[in-house]
Amino acid sequence: MKRFVVYTHLQFKRAMHCLPFLFLSMLVLCLCLALAVTAFTENEASSADQQRIGIGIAGDFESQYLGLGLSALQSFDSSRFFLDIEKLDEEEARNKLFDGELAGYAVVPEGFVDEAMHGKVGKLRFVTTDANVDLIHLLKQEVLTLISCVLVESQNGIYGMQDALAANGISDKTVSDLTDEMAVEYMGLILNRSNALQLDVIGISDGLSWGGYLFSAFCILLLLLSGIVCCPLFARQDHALFKRISARQYHPAIQVMGEYLSFFLIMASCLFLLVFLMLIGTDGISQAIPELAGQDVLSLLAILVRFIPAITLVTAMQYLLYELSGSVVSGILMQVVSAAILGYVSGCFYPISFFPKAIRLLSGVLPPGIARGYISSLLAGTSTPQQLLLLLIYTAILLTLAGLIRYHHIQKA
């Protein structure tokens, strides 16, 4: 035990020489994130209007009823929150469609309203492009279908009622009153259709919001990228020194654990300090992460402390890669490649829900993917003891492999 403490102390003193560079690399990455989040939150309000779908109306505007209907849509209907409707001539609407200012435009044929008043529903011509086959395209199709169904069925209902009343000898005044009552009822149902469903937002992935998921992914990516700075400390080509100190009863297990603990301590301390300062010092970031909103200083510290198992797993993987490398250059290449490939597959660049099922399953067995999933579950409040046990078992396996490789190097030296 005494040899382990002495060796760990010496390794920690060596690692302290790398601490300023490690801190600066993490600081640069954190500043980049802070600037990106701040810019996003500042532009969020102004971009809200740009998210709405532009729809043009062209054609016959002579009927006062058409103008009244458009005014009602823009003033009272819930579609005003996601649709921008403007009256244009067809040539202007076509130009705006090609410029991307409109998602499409509807052409009202001449006499459309007069024919509708007499029970004949004509066809609106809707012009759009097929360049965007996505959610907006599907939404446009659903909107057109909804309008057609509501219009046709309401007209059939009103005129069907009038025919039934007239066939049974009901007076014209009564028919007129009942027609107005039914029209008002239809209008109320149409304008009140937003109450027909309840919207539940479950997050982008792992039950987290955009901000929460990006925060969990950024913590892992920060470890993967900044760990490259420590490569000169742990990537070695000559293992003669390890053989000499092993002869003095500093066994490979003591060497590996001492070096790993020093590496873990400097990585964890830099990550904790910078992420904590970023959360309490930048309003934009704290507002962009709903899972951490309203947390006091002690609560944030408690959450960060619970990140330790994830940090141990990622740093153990990085240490194993150092042990596998035969030089500083190969060590840097292995760290860069692992950060890029494993970070991407583990959902550190894009939400893991965007990937196919095979990639999601692969992410669940990779150390960065397991660590990111654990942090996500902590933020979502769904973490389990089984996840923690899996992280500890994985860490023990990786460090055991590093010890066996060190033993192999000593035997060959």
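Which residues make the nonpolar surface patch of about 650 Å²?

1. Basis. This is a predicted model, with residues numbered from 1 along each chain as its sequence is written. Local features need pLDDT of at least 70, side-chain atom pairs count only at pLDDT 80 or more, totals for chains, interfaces and linings use all residues, and side-chain values use heavy atoms, without hydrogens and water.

2. Surface patch. W210, L214, Y344, F349, Y350 and F354 make the patch. Nonpolar side chains (Val, Leu, Ile, Met, Phe, Trp, Tyr) are joined within 5 Å, like charges within 9 Å. Areas come from the Shrake-Rupley method with a 1.4 Å probe; for residues, only the protein chains shown count as cover.

3. F349. This residue sits in the loop between α15 (328-345) and α16 (357-363). Helices are DSSP runs (H or I, at least four residues), numbered from the N terminus. F349 counts as partly exposed, at 40% relative accessibility. The classes are buried (under 20% relative accessible area), exposed (over 50%) and partly exposed in between (1.4 Å probe, protein chains only).

4. Aromatic pairs. The structure holds 7 of them. Rings of Phe, Tyr and Trp (its six-membered ring) pair if their centres lie within 6.5 Å; planes under 30 degrees apart are stacked, over 60 edge-to-face, the rest tilted. Y344, F349, Y350 and F355 form one aromatic cluster.

5. Two pairs involving α11. The Y260 and F264 rings are stacked, because their centres are 6.2 Å apart and their planes at 25°. Y260 and F264 are 4 residues apart in helix α11 (residues 252-281), so about one helical turn separates them. Both Y260 and F264 are buried. F263 and Y322 form an edge-to-face pair, with centres 5.8 Å apart and planes at 80°. That pair links distant parts of the chain: F263 is in helix α11, Y322 in helix α14 (residues 308-324), 59 residues apart. F263 and Y322 are buried.

6. E323. This residue lies in helix α14. E323 counts as buried, at 3% relative accessibility. Apart from neighbours within four places in sequence, E323 is in contact (heavy atoms within 4.5 Å) with A402, I405, R406 and H409.

7. Helix α8. This helix has 17 residues (210-226). Of the 17 residues of α8, 14 are buried, so the helix is largely enclosed by the rest of the structure.

Terms used: Expected span 1.5 Å × (residues − 1). Patch = residues over 30% accessible without salt bridge, like charges linked within 9 Å, V, L, I, M, F, W, Y side chains within 5 Å. Salt bridge = Lys/Arg side-chain N within 4 Å of Asp/Glu carboxyl O.
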